[in-house]
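Subject: Structure handover and notes

Dear colleague,

I am passing the structure on to you with this message, and my notes on it follow below. Please read them alongside the sequence and the coordinates.

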Amino acid sequence: MRVSYKWLQEYVDITITPAELADRLTMAGVAVEGLEEPGKEISNVVTGRIVRIEPHPNADKLVICLVDTGEPEPRQIITGATNVREGHVVPVALEGARLAGGLVIKRAKLRGVESRGMLCSGQELGLDSRTLPADQAHGIMILPSDTPLGLDIRPVLGLDDVIFELDLTPNRGDCLSMIGVAREVAALLGQPLRFPRLNLREIPGSSLEGRVRVDIAEPELCRRYVARLFTNVKVGPSPLWMQERLRAAGIRPISNVVDITNYVMLELGQPLHAFDYDKLRDGHIIVRRAHPGEVIVSLDGVERHLEPEMLVIADPGGPVAVAGVMGGLATEVTENTTTVLLESAYFHPTSIRRTSRVLGLRSESSTRFEKGIDIDGCLAAATRAACLLVEIGAGEVVAGAVDNYPSPVARKPIILRPERVGYILGTEIPREETRNLLTRLGFTVQDAGGDLLVNVPSYRVDIHLEIDLIEEVARLYGYDRVPATLPFGATTRGARTREQSLLRRLKEVLVECGLTEVVTYSFVNPSVFDRFRVPQDSPLRRVLKLQNPLSVEQSVMRTMLLPCLLEVLKRNFKRRVTSGAIFEVGRVFFPRGGEALPEERPVLAAAVMGQGAAGWNRPATPLDFYYLKGVLEVLATKLGLPGLTFEREKENPAFHPGRTARVKVQGETLGIVGELHPDVLEEYELDVRVCAFEVDLAALLALAGKPPRYRPLPRFPGVKRDIALVVSREIPAADVLRVIRRAGGKLLRSVELFDVYEGEQVREGGRSLAFSLLFQAEDRTLTDAEVAAQIGAISDALVRELGAELRK
């Protein structure tokens, strides 16, 4: 929001400098982002009238202008502009003048003819070309013909002003108007607020009866619609003072009728729209939702396809405007317009925001409707526009207004407890001062016993609760006046929960194992389920769809983490990073049905490809199934997960059937680990083996026990024995290890598989496994007899339970 300091002074007496006012506003919550002085660099530029134009004798594209600037003799100036004519009043830079950008004008000769100054364009005076009339955007600026000569151009064009750039919070839609900002200034400075006078002169004996009809088919989306009728309209340029104020606010002047609607919007915060009445069928306005397939050409000349949830302004023939966003080209006010229907309405903020987003249209009007406007100000804004129309002589006003207001809003008063104000703010503010501060903001305050009964004005749509009133008191009282105090009350020492501590340790372990943490989006493309070969009846396909996705690439909430990790590996692989080990701790989402929030399940996933980094004393390590299996085993050890096992998995279509296992702890399946199927890798354009795991993080943390505790080094030596056996090829080595550990008893300190052999010396369908066993006691040195007894017990168990054949 751009606010003119000179315009602001029309409504309130300002007794401090612009810089001081900016600081006061910012401290009161109306942040001033910057101050702009548009004419600061301009000097020695005056108004002048072109008396005569002659061709340049030595140049076809130059002309010689004799310009009257109020001096005794006309001034000779050469220009190449093509839009100037004899009699035009223009800005004239005299010798020694300084223009925007620091350009200094000197006497010069152009093709042998002397030039004593320069005719100025708007850009050379620091004006934004977007705020200039179309015919002057790239030529000399033409001023009204009745402009006095020899005047300093700065006050003529309003360049002797200071512009405040406001950075408003979304709740302060009331400050998107000059009156709203003036109200804040008046409250801060304790000055009275002056409202525009509404002395409307209507056509005697005229009436709207039978000429204008307004029907609201959607009262929830349009709660009020006011219409006024102007006749004998003469469309032309608006007065210079109005153009100055519009340009100061960043709006391009167009014509007197359109400029009046923009002026009132800036002044009162109420968007208006003008229709060419003669182009409306029967003068009948219908506020309804768009019909399926309806199309409208907006004022910018673009064909807009409307959707049924969009609110439109229509006549019996079809839509003539997109409500609150932009008007239609078919009913545009043009230079041939003689009768105007003015709209001043209240539209539902959410409806306007949705329509604006879908159509890709953001306008000054839609911005104000989105933030909420004063529903009680609709009629006053229409009347103010009518007063301006008559004041500048642009037309006449038909008596009366159509005011369709189906359900007038009645706001309930709010009870404010003065002691609560002091408790929240930490300082005592006298009751009368609290009343005075709220009264200065336009609130009506009455006594209600020991409390205050506050009636909130309709323009403050952001005030609903007692705490909102306390905030108003605080910002007007001054946050800098609230004394600094130490906090009081019971305090507790912060500490991580068990889950937080375990999660922190889990990430540390994974990083120590060589993996890098990544964070990916929770939104995915629905095609990931096909790319990951997820069955059609799988619960993973029950996804939560976004109502307003940015694109189809991020249109549903994920139910798996691995596709996100594959995208990371793919992105790296395409950049010739062919090795990588990554993990993510994130959430997956499943709908619960109805209006309930989705179920969020924490998941741990990892994916690796290529080889780990080699060192000077070690070769590169393949990042394969066994690497990830080892990572899970280390994780189980560090987190105290008892009974971690792996069982062969052949049913998951996303993984290689012969290189995949279920991850189980104490018999409970937590997830899956293995090599991804080649078809999946092809979908992600990965020409390398990729191994991955995904486990239920909540179940994993729930089963985690105490981490391993320090055990002192044994005082007595251990005894090592090797045992080799032949078992069926279908028996996993893990089953053999389980039997050995159980039969070995307490004296068996460790067991390791060090050889696997399948060949001619082993029976058909069998394989040889060799294990290294360490026996050790904490209180003595073991004898050969004790160790032999343990070996015998282990051998008997292997033969009995697994049908093993011991090798000599």
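A charge is taken to sit over a ring if NZ of Lys or CZ of Arg is within 6 Å of the ring centre and within 35 degrees of the ring normal. By that criterion R481 lies over the face of Y477, at 3.8 Å from the ring centre, and R601 is likewise placed over the face of F590, at 4.0 Å from the ring centre. Please bear in mind throughout that this is a predicted model.

Aromatic pairs

There are six aromatic pairs in the structure. In one of them, W241 and Y263, the ring centres are 5.6 Å apart and the planes stand at 90°, so the pair is edge-to-face. This pair connects distant parts of the chain, since W241 belongs to helix α5 (residues 240-248) and Y263 to helix α6 (residues 256-268), 22 residues apart. The two partners can also be described by their accessibility: W241 is partly exposed at 31% relative accessibility, whereas Y263 is buried, with a relative accessible area of 0%. Another edge-to-face pair is formed by F625 and Y626, with 5.3 Å from centre to centre and 85° between the planes; here F625 counts as buried at 16% relative accessibility, while Y626 counts as exposed at 63%. Ring pairs also join W7 to W241 and Y263 in a cluster.

In helix α10 (residues 418-425), the buried residues are P418, V421, G422 and L425. They lie on the same side of α10, because the arc that they cover around the axis is only 95°. E419 and Y423, on the other side of α10, are exposed. The cover over the buried residues of α10 includes β23 (414-416), α11 (431-440), β25 (451-455) and α12 (466-477). Just after α10 comes G426, which takes a positive phi of about 75°.

Helix α12 is mostly covered, with 10 of its 12 residues buried; among them are E466, D468, E472 and R475, as well as L469, I470, V473 and Y477. The buried residues of α12 pack against α2 (18-27), α4 (178-189), β23, α10, α11 and β25. As for its length, the 12 residues of α12 should span 16 Å at 1.5 Å a residue, and the end C-alpha atoms are 16 Å apart, which agrees. Just after α12, G478 has a positive phi of about 110°.

Cysteines

How many disulfides does the structure hold? The number is zero. C65 is in no disulfide, and the nearest cysteine sulfur, that of C120, is 13 Å away; disulfide sulfur atoms would have to be within 2.5 Å. C65 counts as buried at 0% relative accessibility. C222 is in no disulfide either, with the nearest cysteine sulfur, that of C378, 8.4 Å away, and C222 is also buried, its relative accessible area being 0%.

A loop residue and its contacts

T339 is found in the loop between β19 (326-327) and β20 (340-347), and at 10% relative accessibility this residue counts as buried. Leaving aside neighbours within four places in sequence, T339 is in contact with L229, F230, T231 and V233, and also with F275, D276, Y277 and D278. For F275, which is 64 residues from T339 along the chain, the separation of the two C-alpha atoms is 8.6 Å.

Backbone angles

Most residues other than glycine have a negative phi. N44 is not a glycine, yet has a positive phi of about 60°; N44 is found in strand β3 (residues 43-55) and is partly exposed, at 36% relative accessibility. R111, also not a glycine, has a positive phi of about 55°; R111 is found in the loop between β7 (108-110) and β8 (113-115) and counts as exposed, at 57% relative accessibility.

With best wishes

Definitions and conventions. Residues are numbered from 1 along each chain as its sequence is written. This is a predicted model: local features need pLDDT of at least 70, side-chain atom pairs count only at pLDDT 80 or more; totals for chains, interfaces and linings use all residues. Side-chain values use heavy atoms; hydrogens and water are left out. Buried means under 20% relative accessible area, exposed over 50%, partly exposed in between (1.4 Å probe, protein chains only). Helices (H or I, at least four residues) and strands (E, at least two) are DSSP runs, numbered from the N terminus. The arc is that of the directions from the helix axis to the C-beta atoms. Contact means heavy atoms within 4.5 Å. Rings of Phe, Tyr and Trp (its six-membered ring) pair if their centres lie within 6.5 Å; planes under 30 degrees apart count as stacked, over 60 as edge-to-face and the rest as tilted. The expected span of a helix is 1.5 Å times one less than its number of residues.
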